[in-house]
Amino acid sequence: AEDGAGVDAGVAAAAAGVRSRADAKLEAFLSTTYISRDSGASSSMDSFGDEDGAEGASGEEWEAVAALAARVRREVGRFERRAARQLTGRQTELRLLVLCLFSQQHILLLGPSGIGKSLLSDLMLRFLVEDEDAGSYTFSRQLNRFTTPEELFGPLSVVELQRDNYMRLTDRYLPQASLAFLDEAFKASSSILNSLLTILNERTFCEQGACAVLAKVPLLMCIFSSNEIPHPSDTSVTALFDRILVRVPMRPLQGEQLKEMLFAQGGGSQVSQGVDLPLLDGEGGGRVTREEILMVKAGSERHVAVPKSVVILLKKLRVYLRTCLEPPVHISDRRLIQIVQLLRVCACLNGRRFVNRVDCLLLEYMVWDHEVKHMTQVRTFLQNELLAINQSEEEEEASSSSSAGRSRIKMQFDDPNPFGAVEAHTLDTQKLLTKRCDKVFRDATEHYEGAIYVKG
């Protein structure tokens, strides 16, 4: 009887240990520190970039970057609250736009007409402080097949033409803009699309090779919108499509979000779709300057490390896209570098000096190509990889204590193999709890894109 009571106590203790570890794992994930820094995320430091950039840099430098990121997060929070009064149910898209702006990467809003793509873009254009003295201003234009280069890049200078010089007056046009919005850009002519390529990628503008020296353009981000995905056979459009890192499919509002929007139109809420409302008391700010954006990007490159686990995950994802999707998706080296830059900025805005593995859930917006259905497959792959990594870490942690635990039980019961039903029951309990934790993890990641930053 005493031995039986001891066995029951052993089962209860084992189950309690499993529960405590599961609770700790869940608590860590929900507090957005799912991968703790001490678990090897940055201490192993087999990473992209400069090892000294994360661990060896002076504390004062990082403290300045962290203070800047905190100040930016406050401004972003004010901006989101103001945007929420004009737009319903588009928090994910808005935060992806902000993340792209600080990463200096371009973004595509894809979806049918009338779902708020232009309104989102207009709100984003007002997020940047325009400063004519510093040459920081925004540019917006709707394109079609009849759009001329003069509408986008500026008119030709008559004075320079009289001197046999081919020169455009680019002031207040795209080549001199810090933030731009091009609506239905894929419908433009091939000449315009080809001229856009160097502006988007190399950040230079020189039409028809007429410039002796390529002048750098101040463009931080260009927002594109389209009702349809370009066909892969259209090479001129496909080249532009490849220059856009983040691609966000949008659908009409449904469920509670639709009810909230309709309720707002009935006068029962302060939300007013598409109307530029005045500021409320204490609602000032909510804008950032060009200098702050450049400083956040520079700080992320200098101080934020990419741990080895993230590098391995990116390599696995690249193979998966090439071998398991139909049609295959080929990720270029350029796109991988841009992805790493964006993940670093995401970490910096969160006040972290390393990229969190959970940040890789953002990759579903960056690696699909012409097939929106690939997003679901990529998300499932990333979830499975994150769960596999975490389970392998738990197994390593458990293996170090399992031998000692077995020895103690053998000494207590003086039996070479006292487990039997105890071990089977414990394994069943572990499987059940692991299954439940996996479900919680998947449910949580379904909403992860809504908290891309702002929470540390």
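Tutor: Here are some questions and answers about this predicted model.

Student: Let's start with confidence. What is the mean pLDDT of the protein chain?

Tutor: The mean pLDDT is 79, and 71% of the residues reach 70 or more. Over residues 408–422 pLDDT stays under 50, and the model has 13 contacts beyond four places in sequence for them. Residues 450–456 also have a pLDDT below 50, with 24 contacts beyond near neighbours in sequence.

Student: How many helices and strands does the protein chain have?

Tutor: The chain comes to 15 helices and 7 strands. Buried residues make up 47% of its 456 residues. If you take contacts between residues at least 6 apart in sequence, 78% of them join residues at least 24 apart.

Student: How do you know that the length of helix H11 agrees with what it should span?

Tutor: Helix H11 covers residues 290–303, which is 14 residues. At 1.5 Å a residue it should span 20 Å, and its end C-alpha atoms are 20 Å apart, so the two values agree. Its buried residues include Ile293, Val296 and His303.

Student: Now the sheet. What is the order of its strands?

Tutor: The order is E2-E3-E6-E1-E7, in an open sheet of 5 strands with parallel pairing.

Student: What makes E2 and E7 stand at the edges?

Tutor: Strand E2 (138–142) and strand E7 (246–249) each have a single partner strand, so one side of each is left without a neighbour in the sheet. On average, neighbouring strands here are turned by 15° against each other, direction ignored.

Student: Which strands does helix H5 touch?

Tutor: Helix H5 (residues 117–125) packs on the sheet and touches E1, E2, E3 (179–183) and E6 (221–226). The direction of H5 makes about 165° with that of E3.

Student: How do you know that E1 pairs with E7?

Tutor: Two strands pair if there are at least two bridges between them. E1 (residues 107–110) and E7 have 4 bridges in the parallel sense, so by that cut-off they pair. Along E7, valine 246 stands opposite isoleucine 107, and valine 248 stands opposite leucine 109. E1 is also joined to E6 by 4 bridges, and these two run parallel. Isoleucine 107 has isoleucine 223 as its bridge partner in E6.

Student: What makes both faces of E1 count as covered?

Tutor: In a regular strand the side chains alternate between the two faces of the sheet. For E1, Ile107 and Leu109 are on one side, Leu108 and Leu110 are on the other, and all are buried.

Student: Why is glutamate 184 called buried?

Tutor: The cut-off for buried is under 20% relative accessible area. Glutamate 184 has 8% relative accessibility, so it counts as buried. Glutamate 184 lies in the loop between E3 and helix H8 (190–201). Leaving aside neighbours within four places in sequence, glutamate 184 is in contact with Leu143, Ser225, Ser226 and Asn227.

Student: Is aspartate 164 buried or exposed?

Tutor: Exposed means over 50% relative accessible area. The value for aspartate 164 is 72%, so aspartate 164 is exposed. Aspartate 164 lies in the loop between helix H7 (158–162) and E3.

Student: One last topic. How many disulfides does the structure hold?

Tutor: The structure holds 0 disulfides.

Note on methods
Residues numbered from 1 in each chain as written. Predicted model: local features only at pLDDT ≥ 70, side-chain atom pairs only at ≥ 80, totals over all residues. Heavy atoms only, no water. Expected span 1.5 Å × (residues − 1). Buried < 20%, exposed > 50% of the residue type's maximum accessible area, 1.4 Å probe, protein only. Disulfide = S-S within 2.5 Å. pLDDT = per-residue confidence, 0-100. Contact = heavy atoms within 4.5 Å. Axes fitted to C-alpha atoms, helices over the stretch in contact; angles between N-to-C directions.
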